[in-house]
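The sequence and structure come next, followed by the notes.

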Amino acid sequence: MLYLASQSPRRRELLDQLGEPHTVLRVDVAEVREHGEAPDDYVARVALDKARAGYGSVIGEQGARVLGADTEVILGNEVFGKPRDADDAVAMLERLSGREHRVVSSVWLVDADGPRGATSVSVVRFAPLDRAWIDAYVASGECFGKAGAYAIQGRAGAVVEHLSGSYTGVMGLPLYETSRLLRGQ
């Protein structure tokens, strides 16, 4: 049985695209970057922590496999998590406006054979965003619960000037890497 250690509806939908039957597990993992921890290492650690926490709850089940993932927007050395409120979302979008940033999405599979992981790094460049667009976007509510305060699969897709990498990775679950992990490659 495959378990997804995530409450994200996007991750569930993406995993459905692979045709992988799965059950969702609720895990409680602190998403706090350690002092001196590199952004990419932080993303991989949180994803692995989620998978391990989920596996710990089903470890006695024969054939149990748990998939954990984390996705973060990174500008320079700064990790943009989910906005705390509307002001935080506005500040994030203003900083991303007209700039290129990285989206790091890490996925880990934990089962009786141990952990295996993969990471997808995408580069996204936003068009310059005016304050009216930012205010309307934040008011739509789409920015909440999303790393970097945006959802590429929603309204924010219209301001992405360039994407190099994995579209599904930017959404939250890189399907190529996930599919390979699930097939044992």
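Asp49 counts as partly exposed because its relative accessibility is 27%; with a 1.4 Å probe and protein chains only, buried means under 20% relative accessible area, exposed over 50%, and partly exposed in between. The side chain of Asp49 meets that of Arg45 in a salt bridge, at 3.3 Å from N to O. A salt bridge here is a side-chain nitrogen of Lys or Arg within 4 Å of a carboxyl oxygen of Asp or Glu. Arg45 and Asp49 are four residues apart in helix H2 (residues 39–58), so about one helical turn separates them. Helices (H or I, at least four residues) and strands (E, at least two) are DSSP runs, numbered from the N terminus.

Arg45 also forms a salt bridge with the side chain of Glu37, at 2.7 Å from N to O. Both Glu37 and Arg45 are buried. A network of salt bridges links Glu34, Glu37, Arg45 and Asp49.

## Basis of the model

The model is predicted: local features need pLDDT of at least 70, side-chain atom pairs count only at pLDDT 80 or more, and totals for chains, interfaces and linings use all residues. Residues are numbered from 1 along each chain as its sequence is written, and side-chain values use heavy atoms, with hydrogens and water left out.

## Other charged side chains

The structure holds 14 salt bridges. One of them joins the side chains of Arg95 and Glu78, at 2.6 Å from N to O. This pair links distant parts of the chain, with Arg95 in helix H3 and Glu78 in strand E4 (residues 78–80), 17 residues apart. Arg95 is partly exposed, at 35% relative accessible area, and Glu78 is partly exposed, with a value of 35%.

Lys50 lies in helix H2 and is buried, at 8% relative accessible area. Its side chain makes a polar contact with the side chain of Glu31 at 3.5 Å. A polar contact is a pair of N or O atoms within 3.5 Å; within protein, one must be able to donate a hydrogen and the other to accept it, and residues adjacent in sequence count only if both atoms are side-chain atoms.

## Nonpolar cores

The largest nonpolar core has 38 residues, of which Leu67, Leu93, Phe126, Tyr150 and Leu173 touch the most other members. Helix H3 (residues 86–96) gives the most to this core, with five residues. A second, separate core of 13 residues includes Tyr3, Ala44, Leu48 and Trp108. A nonpolar core is a set of buried Ala, Val, Leu, Ile, Met, Phe, Trp, Tyr and Cys residues joined through side-chain atoms within 4.5 Å.
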